[in-house]
Amino acid sequence: MQCFKLIYEKDFDGLIEELEEMREYFKSRHIEIGIAESMEDKTHFINIYFPDKKIEEKALNIFHHHIGNILYKALIEEFDEKCMIDFITEAYFFLNEDELRDVRIKSLNILNNDKLPINDNNIFYINRKNELIDKIIECIADKNEINIKGFLTFRIKPLRDEIEKIIDKIVEEYLIEKEYNEFIKLLKYFVEIQDSRIELVNIIIKEDGNYSVLDGEGNNIMDEFAKDFINNQMASAINVEDILISGLIAYCPEKIVIHGSKNSRNNEIINTIKNVFLNRVSFCENCKMCFASISKRGVKR
Ligand SMILES: [Zn+2]
């Protein structure tokens, strides 16, 4: 029989859930596992045992992974209680109190969320968290007993660096978001104080992701957008999205209809237009202009 003992004094979030999940996993694979809890004074003992003499390596890995997750959660809670505020106030001394609070909340959300949606930033966080859990598993793989308090006392220093690397990236993302929001605020302000120079702008996103921009009469106005933009720019590399945004800001339409948004290869631009022009923006997927943007074979009749 293989036995493992987990000892802890202070209860923490996620411990019981993780044990439950582990029990369910083994049950669904018809692998017997026993979990018994006892308490002496303020100390909890969780005895986990496999009655079968031989457990497969895969099952043992899964078992270690769950224990690794439990220790990871304890580690994050300990880090938050003892180190987080000091770390962010020292490393990011230029942030004000509200910003520091935002960074702490954002960090805890990311560090504690096992189901982050997949995007570029989250892939970084997920990979770093997995590396951290792997390091924890390395520390416990040959042990039959873990005292969580002892583990944290001895391991928090080397593992702290890893957590701080994750938080550095979170702060970077936070600052970019903040800058973007300030930029949007400024553009919104321009739009609010300006008179509209045009009533309606249709933005048609073609199947290949390119744009046509038409006024209410169907005239192509992309060239006018580009002309104004180029007159105001010294830059040699001109990006069509920048032309589009600056044209919209300059003409400040009363209404913007985006056709074929599903063809977009750049959701950021659509979000920016939505965030700046708010309820002046509407979407259309089903008109002549939409169909003109699809190749003939794509049209269903
Ligand atoms: Zn349409």
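The legends below describe a predicted model, in which local features need pLDDT of at least 70 and side-chain atom pairs count only at pLDDT 80 or more, while totals for chains, interfaces and linings use all residues. Residues are numbered from 1 along each chain as its sequence is written, and side-chain values use heavy atoms, with hydrogens and water left out.

**View 1. F4 and F63 form an edge-to-face aromatic pair.** The structure holds nine aromatic pairs, counted where rings of Phe, Tyr and Trp (its six-membered ring) have centres within 6.5 Å, with planes under 30 degrees apart called stacked, over 60 edge-to-face and the rest tilted. In the pair shown here, the ring centres of F4 and F63 are 5.3 Å apart and the planes stand at 80°, so the pair is edge-to-face. Because F4 belongs to strand β1 (residues 2-8) and F63 to helix α2 (residues 57-91), the pair ties together parts that are 59 residues apart in sequence; helices (H or I, at least four residues) and strands (E, at least two) are DSSP runs, numbered from the N terminus. F4 is buried at 4% relative accessibility, and F63 is buried with a relative accessible area of 3%.

**View 2. F26 and F50 make an edge-to-face aromatic pair.** Their rings are 5.4 Å apart from centre to centre, with 80° between the planes. F26 sits in helix α1 (residues 15-28) and F50 in strand β3 (residues 43-50), so this pair ties together parts that are 24 residues apart in sequence. One aromatic cluster is formed by F4, Y25, F26, F50 and F63.

**View 3. Helix α6 (residues 222-231) has buried residues on one side.** M222, F225, A226 and F229 are the buried residues in this helix. They lie on the same side of α6 because they cover an arc of only 95° around the axis, the arc being that of the directions from the helix axis to the C-beta atoms. On the other side of α6, D223, K227 and N231 are exposed. The buried residues of α6 pack against β6 (211-215) and α7 (240-251), where contact means heavy atoms within 4.5 Å.

**View 4. Strands β7 (residues 255-259) and β8 (residues 281-284) pair in the parallel sense.** The pairing runs over four bridges, and two strands count as paired if DSSP finds at least two bridges between them. H259 has C284 in β8 as its bridge partner. From β7 the chain passes through helix α8 (residues 267-277) to β8, in a β-α-β crossover that is right-handed, which means that, with the strands pointing away from the viewer, the path from the first strand over the helix to the second runs clockwise.

**View 5. D41 and C252 lie in loops.** D41 is in the loop between β2 (34-40) and β3, and its phi is near 50°, a positive value in a residue other than glycine. D41 counts as exposed, at 79% relative accessibility. C252 is found in the loop between α7 and β7, and the phi of C252 is also positive, near 50°. C252 is buried, with a relative accessible area of 0%.

How values were computed:
Buried < 20%, exposed > 50% of the residue type's maximum accessible area, 1.4 Å probe, protein only.
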